[in-house]
Amino acid sequence: MAILNSSSIVSSTFYLTGIPGYEEFHHWISIPFCLLYIVGITGNCSILHIVRTDPRLHEPMYYFLAMLSLTDMAMSLPAMVSLFRVLWSISREIQFNICVVQMFLIHTFSFTESSVLLAMAIDRYVAICHPLRYATILTPKLITKIGIAALLRSSIPLIPLLVRLAYFPFCHSHVLSHSYCLHQDIIRLACADVRFNVIYGMVVITMLWGMDSLGILITYVFILHSVLRIASRDGRLKALNTCASHICAVLILYVPMIGVSIVHRFAKHSSPFVHIFMAHIYLMVPPVLNPIIYSVKTKQIRQGIIHLICPHKINSTM
């Protein structure tokens with residue numbers, strides 16, 4: 001009984017990994033991570049503030065952009081807390097229950113971001129193919145329902161996976177390969193039959209990411225078909241230009257996401273640095289680049305940010 005209790009206590013604690021081989025430089029390595037995180041938080045908060053305060057941006061496209069900013073921050077925040085705990089030598093330990101909560105938040109909001117990108121693709125389809133009905137189709141009430149549905153759709157399927165983790169023994173190593181918790185990383189350490197988690201996890205990924213990516217692809221087929229029917233070349237370019245930021249956001253999310261999944265499933269014995277690098281790209285790139293891309297490509301957002309930085313100059317020009 002004492003042995004079982006001891007095993008249970010040990011298995012409830014995991015150890016996070018920083019940058020292998022560079023432990024003495026962790027404090028210096030934390031500086032670029034901290035700067036990137038500040039850039040991401042500042043950019044996304046700026047977009048949220050601009051969309052909230054500028055009545056001209058109270059349109060479906062900008063509501064969805066605000067959702068994207070919220071999910072970007074919600075996805076990266078849990079991971080950044082534990083990353084800085086490791087890099088600043090505060091603690092590498094993380095309790096099992098905290099690990100599960102962190103895992104749930106990261107996976108939920110990464111799936112939610114995928115759903116938001118699908119909603120943004122539909123938004124572009126309605127704006128280009130049915131411009132006269134745009135405001136009547138995508139009402140604020142419908143957009144709110146879409147946001148709630150995206151969150152529920154992303155979180156509920158994860159519950160069986162996380163509940164099963166509570167029954168797994170972890171009798172070998174408790175060292176995770178990242179500075180935060182991922183489901184595929186935890187089940188690698190379990191001393192039990194994890195086939196259900198592996199198969200069910202693949203089904204969830206296929207149903208959520210797969211359906212979202214297929215939906216985005218089909219939506220752009222319809223958009224392209226509609227754009228090619230526009231008579232003028234300038235009109236076609238203008239219509240496609242409104243989709244450029246969204247296409248970049250899709251690539252920024254899906255490419256690192258696919259990379260992390262491939263590394264975990266088909267490159268388990270590769271260098272630990274590869275796992276660490278891919279994991280941080282997966283969580284750091286979207287929150288940092290999405291605000292930059294939308295600021296550069298979207299005139300209204302760009303003007304709002306300039307107004308935040310130098311309001312007196314904008315007022316004087318007006």
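## Contacts of selected residues

In this predicted model, Leu 161 is in contact with His 183, Asn 197, Tyr 200 and Gly 201, its neighbours within four places in sequence being left aside. Leu 161 has its place in helix α7, and at 4% relative accessibility it counts as buried. The C-alpha atoms of Leu 161 and Phe 196 are 8.5 Å apart in space, although 35 residues separate the two in sequence.

Glu 113 lies in helix α4 and is buried, its relative accessible area being 0%. Beyond its neighbours within four places in sequence, Glu 113 is in contact with Leu 68, Thr 71, Asp 72, Met 75, Leu 253, Pro 286 and Asn 290. Glu 113 and Met 80 are 33 residues apart along the chain, and their C-alpha atoms are separated by 18 Å.

Asn 290 belongs to helix α11, which covers residues 272-297. This residue is buried, with a relative accessible area of 3%. Its contacts, again leaving aside neighbours within four places in sequence, are Leu 68, Asp 72, Glu 113, Ala 249, Ile 252 and Val 285.

Not counting residues up to four places away in sequence, Ile 252 touches Val 285, Pro 286, Leu 289, Asn 290 and Ile 293. One of these, Leu 289, is 37 residues from Ile 252 in sequence, and the C-alpha to C-alpha distance is 7.8 Å.

The C-alpha separations given above are collected here.

| Residue pair | Separation in sequence | C-alpha to C-alpha distance |
|---|---|---|
| Leu 161 and Phe 196 | 35 residues | 8.5 Å |
| Ile 252 and Leu 289 | 37 residues | 7.8 Å |
| Glu 113 and Met 80 | 33 residues | 18 Å |

## Cysteines

A search of the whole structure finds one disulfide. The bond joins Cys 99 to Cys 181, with an S to S distance of 1.9 Å. The torsion about this S-S bond of Cys 99 and Cys 181 is about -120 degrees, and the disulfide is therefore left-handed. Because Cys 99 lies in helix α4 (residues 96-129) and Cys 181 in the loop between α7 (159-165) and α8 (183-187), the pair ties together parts that are 82 residues apart in sequence. Both Cys 99 and Cys 181 are buried.

Cys 45, by contrast, is in no disulfide; the nearest cysteine sulfur belongs to Cys 34 and is 15 Å away. With 37% relative accessibility, Cys 45 counts as partly exposed. For Cys 129, the closest cysteine sulfur is that of Cys 243, at 9.0 Å, which is too far for a bond, since a disulfide requires sulfur atoms within 2.5 Å.

## A positive phi at Ser 89

Ser 89 lies in the loop between α3 (60-87) and β2 (93-95). Its phi is near 60 degrees, a positive value in a residue other than glycine. Most residues other than glycine have a negative phi. Ser 89 is exposed, with a relative accessible area of 54%.

## The chain as a whole

The protein chain has 13 helices and two strands. Its radius of gyration is 22 Å, close to the 20 Å that the globule rule gives for 318 residues, so the chain is as compact as a globular protein of that length. Along the principal axes, the C-alpha trace spans about 75 × 45 × 35 Å.

Of the 318 residues, 46% count as buried. Among contacts between residues at least 6 apart in sequence, 78% join residues at least 24 apart. The chain exposes about 16600 Å², of which carbon and sulfur atoms supply 72%.

Key
Residues are numbered from 1 along each chain as its sequence is written. This is a predicted model: local features need pLDDT of at least 70, side-chain atom pairs count only at pLDDT 80 or more; totals for chains, interfaces and linings use all residues. Side-chain values use heavy atoms; hydrogens and water are left out. Helices (H or I, at least four residues) and strands (E, at least two) are DSSP runs, numbered from the N terminus. The radius of gyration is taken over C-alpha atoms; the globule rule is 2.2 Å times the number of residues to the power 0.38. Buried means under 20% relative accessible area, exposed over 50%, partly exposed in between (1.4 Å probe, protein chains only). Contact means heavy atoms within 4.5 Å. Accessible areas come from the Shrake-Rupley method with a 1.4 Å probe; for residues, only the protein chains shown count as cover.
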